[in-house]
Amino acid sequence: MTTMKLPLTESTAWKALLDHKKSIGGQHLRELFSDDPGRGERMTLEALGLFLDYSKNRITDETLRLLVELAKESGLKDRIDAMFNGEKINVTEKRAVLHVALRAPKGATILFEGKNVVPQVHEVLDRMTAFSNRVRSGEWKGHTGKSIRNIVNIGIGGSDLGPVMAYEALRFYSERSLTFRFVSNVDGIDFAEAVLDLNPEETMFIVSSKTFTTMETMTNAQTAREWLLKSLGGNSAAVAKHFVAVSTNAQKVSEFGIDTANMFGFWDWVGGRYSMDSAIGLSTMLAVGPENFLAMLNGFHEMDEHFRNAPFESNFPVLMGLLALWYNNFFDAQTIAVLPYENYLKRFPAYLQQLTMESNGKQVTVDGKEVNYHTGQIYWGEPGTNGQHSFYQLIHQGTRLIPCDFIVFANPLIPLGRHHDILLANAFAQAEALAFGKTAEEVKADGTAEWLVPHRVFNGNRPSNMILADRLTPDILGKLIALYEHSTYTQSVIWNIDAFDQWGVELGKVLAQQIIPEIENEEIPQLKHDTSTNNLIRLTRKMKK
Ligand code: F6P
């Protein structure tokens, strides 16, 4: 499947980058800025209402040229086209990867196996719209004739993280008379706490699962069914009024007892972690209304078109992907911190963890050869300014290099006194401090005692991106998500790995299925695990009440 002629580390561009790193790797951002007065304005990108300042990266124009060369040598253009053309780029699962079709406008053509999939996408969007309008207006009645006031999404992974993140991100735009809850964990506490104060008569469950076989979701959905029927007199006719499903598996949905008339479908060519803009986003649409949901899809689509068409040098996702890869492979950086200075984006880092780490946490190339370079980074982060009083210490003075993506908005959604100016000032100050630091001379000049000087030095030279937009809107959220989706794909193409499978989640699932009866059953099991696992099972069986 690869278009690379040589293994990655033997490619001309890779070798050129290794040499280049030797010559510029030691250079400090202080020098890079003082030698190049135009840098802060030149190393920026503005498109689609997003502004990126990438000048505080440990790069020169030559670095960028070589990184772009690497992308070209890796056949990135062809691989982007392959995705948009519905080729089965998820090679190990033999699937096309067409999340871009989920946000294509009516009238667009995106082919999968010779058939335009865009009309089916809009058919589902129209059904979601009609359904959302009925619930939001109070027209949809529960089993006892009351309108729905509470919506509980049951799902996990891509069927949860996207919906939760989007609900939190767009809460400003949400219908405040409706209550939203999200249940994902098989830990019963998650369900118990989520419904504790809810009236079943006014509660609707959205069971979201691509496969409709996921253990956590099916366990929670079953418990939800029991919870509902217990208080509504046990009449299973109530299920039709209080449960809808989002899935690709109609058979399993009806086996569960949900009428497929109340099912919103999507397709095999949508990966779980790329599905929040499919029917998996039903809870988002219910919260913010169809108009805002469609505005978000439009934002996604604009970023898709930009990714497909913009030259690599000025292509947002390509540039961000290349910068991330630069630190991962040439500086041995292991992580990337995503730091949104916008409280509504508090779940964005968690969402990105599945997107980036389930996609690019791979040890072999698409043709099964072990890689001899690092692949996916660890993504993590917290909204500003909370992190400043927690882990920023390590980013500033620790021994590891942690590239940061700051995300800021010029305007708050809820203006409140001086809060937003203070917030913005903190984001800019952190990026400045990380890049330029504070030398021993500067620390001494403050009158610091000699012995304390080393403790108060900031070495600086710690890279960051600053992503800036006017304000957080549904459209901008769509663009931000698509930006990271495509930046993830960009890196996977260069690493020559399959970003769309997730075999690494399988082994634990299989072992859990074996262990469940060993914990649960009355009779003493014949344990055949390692001595540690056997011991833990025996011990918990003894401790269990
Ligand atoms: O276990 C990983 C995974 O398959 C994810 O890729 C997916 O998002 C999640 O489980 C949930 O799967 P489903 O939507 O089929 O319940």
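Here is a walk through the helices, the sheets and the ligand site of this structure.

What you see is a predicted model, in which local features need pLDDT of at least 70, side-chain atom pairs count only at pLDDT 80 or more, and totals for chains, interfaces and linings use all residues. Residues are numbered from 1 along each chain as its sequence is written, and side-chain values use heavy atoms, with hydrogens and water left out.

Let's begin with two helices. Helices (H or I, at least four residues) and strands (E, at least two) are DSSP runs, numbered from the N terminus. Two packed helices are described by the angle between their axes and the distance between the axes. Here, helix H1 (residues 12-24) and helix H13 (residues 316-330) have axes that come within 11 Å and cross at roughly 75°. Axes are lines fitted to C-alpha atoms, for helices over the stretch in contact, and angles run from 0 to 180 degrees between N-to-C directions. H1 is therefore roughly perpendicular to H13 (angles under 35 degrees count as roughly parallel, over 145 as roughly antiparallel, 65 to 115 as roughly perpendicular and the rest as oblique). On the H1 side, Trp-14, Leu-17, Leu-18, His-20, Lys-21 and Ile-24 meet Trp-326, Asn-329 and Phe-330 of H13, where contact means heavy atoms within 4.5 Å.

Next come the sheets. Strands of a sheet pair through backbone hydrogen bonds, either parallel or antiparallel. Two strands pair if DSSP finds at least two bridges between them.

S1 and strand S2 (residues 50-53) run antiparallel and are joined by four bridges. Thr-44 has Asp-53 in S2 as its bridge partner, while Leu-45 stands opposite Leu-52. The two strands form a hairpin with two residues between them, and Leu-48 in the turn has a positive phi of about 55°.

Another open sheet has five strands, ordered S6-S5-S7-S8-S9, with parallel pairing. Its edges are strand S6 (179-183) and strand S9 (263-265), each with a single partner strand, so one side of each lacks a neighbour in the sheet. From one strand to the next, the twist averages 20°. Helix H8 (residues 188-195) packs on this sheet, touching S6 and S7, and its direction makes about 170° with that of S6. Helix H9 (residues 215-231) lies across strand S5 (150-154), S6, S7 and S8, running at about 160° to S7.

Which residues are closest to the ligand? They are Gly-158, Ser-159, Ser-209, Thr-211 and Thr-214, out of 14 residues that surround the ligand. A polar side-chain atom of Ser-209 lies 2.6 Å from an oxygen atom of the ligand. An N or O atom in the side chain of Thr-211 is also 2.6 Å from a ligand oxygen atom. For Lys-509, a side-chain N or O atom is 3.3 Å from an oxygen atom of the ligand.

Terms used:
Near = heavy atom within 4 Å. Polar contact = N/O pair within 3.5 Å; in protein donor to acceptor, adjacent residues only side chain to side chain.
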